[in-house]
Every structure is written in structure tokens, then in C-alpha cells.
Amino acid sequence: QVQVVESGGGLVQAGGSLRLSCAASGTIRNIAVMGWYRQAPGKQRDLVATLTTDGSTKYADSVKGRFTISRDNAKNTAYLQMNSLEPEDTAVYYCNAAGRTFLWKTFDSWGLGTQVTVSS
């Protein structure tokens, strides 16, 4: 069983910054990919950024140059630094972790999300 918990959301004015954290815990052997996704009201959940163990990143076009994903592999933790926030970034942000447990079973776990609200 692998649990994922997000933190760091909140209310910020346009142009401001926030840093989200994501901690994975449980019987984790390795986490191949950690990622952030977001879902605005009435919309589907979309990819924001992902980061593999070897450092490969992927970003949504809408956040390139403003958001940065990073991770601490030793702590099974990922971060999302969000700068120059825009009202369009308002959403619930979810963390995802995918990898293998100590028993070599694959897992693909989601957190419950953290709300980010950007006021204009």
C-alpha cells in the first residue's frame, strides 16, 4: 500500500508564487515517475508536470517557464514551484506516484489533492 499526500496549496494573488509538496509513503521500492496534475471545476484532470527518476521532465505548455518540478528521491517527495501564477491556474492539484513496491508489485497512487486559488 502506497499513500500520497499533497500540501502547500492556498490563496494567492496573480503574479504570486506557491510551492506544493507531495510525500509518498509505504512499501516503496522505487518511484519511477512523480507528477502533478490539476483539475479545474467542470474540466478534466490534466497533466501539469512529471519527473522521472533519471531526471526527465515533461510540462504542460501552459506552465512552461513558470512552474518547476523537482524531487528528493531519498525522501520519496516531489515539489512543484509555481511562479507568476495566473487566475487560470486555479484548480485542485493532485500528485501521482508510480513505481514498484518491495514485493515488486507496481503501484500508481494518487493523493486527495490540494486547492490552489489565484485571485485577479
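## The disulfide

The link between cysteine 22 and cysteine 95 is left-handed, with -75 degrees about the S-S bond. In this predicted model, the two sulfur atoms of cysteine 22 and cysteine 95 lie 1.9 Å apart, and the structure holds one disulfide. Because cysteine 22 belongs to strand S3 and cysteine 95 to strand S9, the pair ties together parts that are 73 residues apart in sequence.

## Strands and overall form

The chain contains eleven strands and zero helices. Its C-alpha atoms fill a box of roughly 50 × 25 × 20 Å along the principal axes, and its radius of gyration of 14 Å agrees with the value near 14 Å that a compact globule of 120 residues would have.

Of the contacts in the chain with a separation of 6 or more, 55% are accounted for by residues 24 or more positions apart.

## Core and surface

The largest nonpolar core has 30 residues, of which Met34, Trp36, Val48, Phe67, Leu80, Met82 and Tyr93 touch the most other members. At least two residues of this core come from each of several strands, including strand S1 (2-7), strand S4 (28-39), strand S5 (46-52) and strand S11 (114-119). In soluble globular proteins, nonpolar side chains tend to be buried together.

Across the 120 residues of the chain, 42% are buried, while the chain exposes about 6400 Å², with carbon and sulfur atoms supplying 50% of that area.

Terms used
Residues are numbered from 1 along each chain as its sequence is written. This is a predicted model: local features need pLDDT of at least 70, side-chain atom pairs count only at pLDDT 80 or more; totals for chains, interfaces and linings use all residues. Side-chain values use heavy atoms; hydrogens and water are left out. A nonpolar core is a set of buried Ala, Val, Leu, Ile, Met, Phe, Trp, Tyr and Cys residues joined through side-chain atoms within 4.5 Å. Buried means under 20% relative accessible area, exposed over 50%, partly exposed in between (1.4 Å probe, protein chains only). Helices (H or I, at least four residues) and strands (E, at least two) are DSSP runs, numbered from the N terminus. A disulfide is a pair of cysteine sulfur atoms within 2.5 Å. The radius of gyration is taken over C-alpha atoms; the globule rule is 2.2 Å times the number of residues to the power 0.38. Contact means heavy atoms within 4.5 Å. Accessible areas come from the Shrake-Rupley method with a 1.4 Å probe; for residues, only the protein chains shown count as cover.
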